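Welcome, and thanks for taking a look at this model. Please have the sequence and the coordinates open while you read the short report below.

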Amino acid sequence: MNWPSGDQAAQATPARRGPPTVTNLAYAAQTASAYSQRLRAARQRAAIYEVEIQKKLAISAACVIFALLGMPLAIRYPRGGVGLVIGTSLAVFSVYYVGLIGGEELGDRLIVPPFFAMWTPNLIFLIVAIPLLLSVRRAGSTAHGGDWDQLKEGLFGWVTRIRNVKFGMRN
């Protein structure tokens, strides 16, 4: 095989000096825009996978949180009957489902981080379950046949107590 000598190779390839010049500025702007679009699309694809991972973990933890929410309701309000059980179950499921689907949409669109998008419904129900657990724990809070009014007082009674303290009212 006959290879070209060093002088012949240098003449065959033109020498480049300095960075390449872009003569069309619209092309340069379009390239940066295309790059940012590709970068956003890649981040969005990664967020979709991260949301799915967090959703699987959050739904698993929801079982424990629902148990923490259901125990005080079952202990405190045994006379509520089937209506209380079905109504509470539908309300909890509906709010959780809407929160989960809404969070998934916000996480997929990169509006909210995937972790917060999927774990916010669990946090909301945990915040509701803790006062119920504490109210069952108090002395005198045995199962004495509660109904809807006592359930409302258990969930939202703290608002009335804060209002009474703020305005100096007594019960």
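## Starting with Lys55

Where is the place of Lys55? Lys55 sits in helix 2, helices being DSSP runs of H or I with at least four residues, strands being E runs of at least two, and both numbered from the N terminus. Lys55 counts as buried because its relative accessible area is 19%; buried means under 20%, exposed over 50%, and partly exposed in between, with a 1.4 Å probe and protein chains only. Leaving aside neighbours within four places in sequence, Lys55 is in contact with Leu100, Glu104 and Met118, where contact means heavy atoms within 4.5 Å.

## About the model

This is a predicted model, in which local features need pLDDT of at least 70 and side-chain atom pairs count only at pLDDT 80 or more, while totals for chains, interfaces and linings use all residues. Residues are numbered from 1 along each chain as its sequence is written, and side-chain values use heavy atoms, with hydrogens and water left out.

## Overall fold

The protein has five helices and zero strands, giving the pattern α-α-α-α-α along the sequence. Of its 171 residues, 22% are buried. Among contacts with a separation of 6 or more, 81% join residues 24 or more positions apart. The protein exposes about 12900 Å², and carbon and sulfur atoms supply 66% of that area, calculated by the Shrake-Rupley method with a 1.4 Å probe.

## The largest nonpolar core

A nonpolar core is a set of buried Ala, Val, Leu, Ile, Met, Phe, Trp, Tyr and Cys residues joined through side-chain atoms within 4.5 Å. The largest one here has 16 residues, and Leu69, Tyr96, Met118 and Phe125 touch the most other members. Helix 2 (25-76), helix 3 (81-108) and helix 4 (114-137) each give two or more residues to this core, with helix 2 giving the most, six residues.

What is Tyr96 in contact with, leaving aside its neighbours within four places in sequence? The list is Ala58, Ile59, Ala62, Phe66, Pro121, Asn122 and Phe125.

## The second largest pocket

Rolling a probe the size of a water molecule over the atoms shows where empty space is left. The second largest pocket holds about 230 Å³ of space. Of its 14 lining residues, Gly70, Leu73, Ala74, Val85 and Thr88 are the closest to its centre.

Helix 2 and helix 3 are the elements that give two or more residues to this lining, and helix 3 supplies the largest share, six residues. By class, the lining has nine nonpolar, five polar and no charged residues.

## A loop residue with positive phi

Leu110 lies in the loop between helix 3 and helix 4. Its phi is near 65 degrees, a positive value in a residue other than glycine. Leu110 counts as partly exposed because its relative accessibility is 32%.

Technical notes
1 Å grid on protein atoms, 1.4 Å probe; cavity = no way out; pocket = protein on both sides within 12 Å on 5 of 7 lines; lining within 4 Å. Points joined across faces, edges and corners; volume = space filled by probe spheres on them. Nonpolar A, V, L, I, M, F, W, Y, C, P; charged D, E, K, R; others polar.
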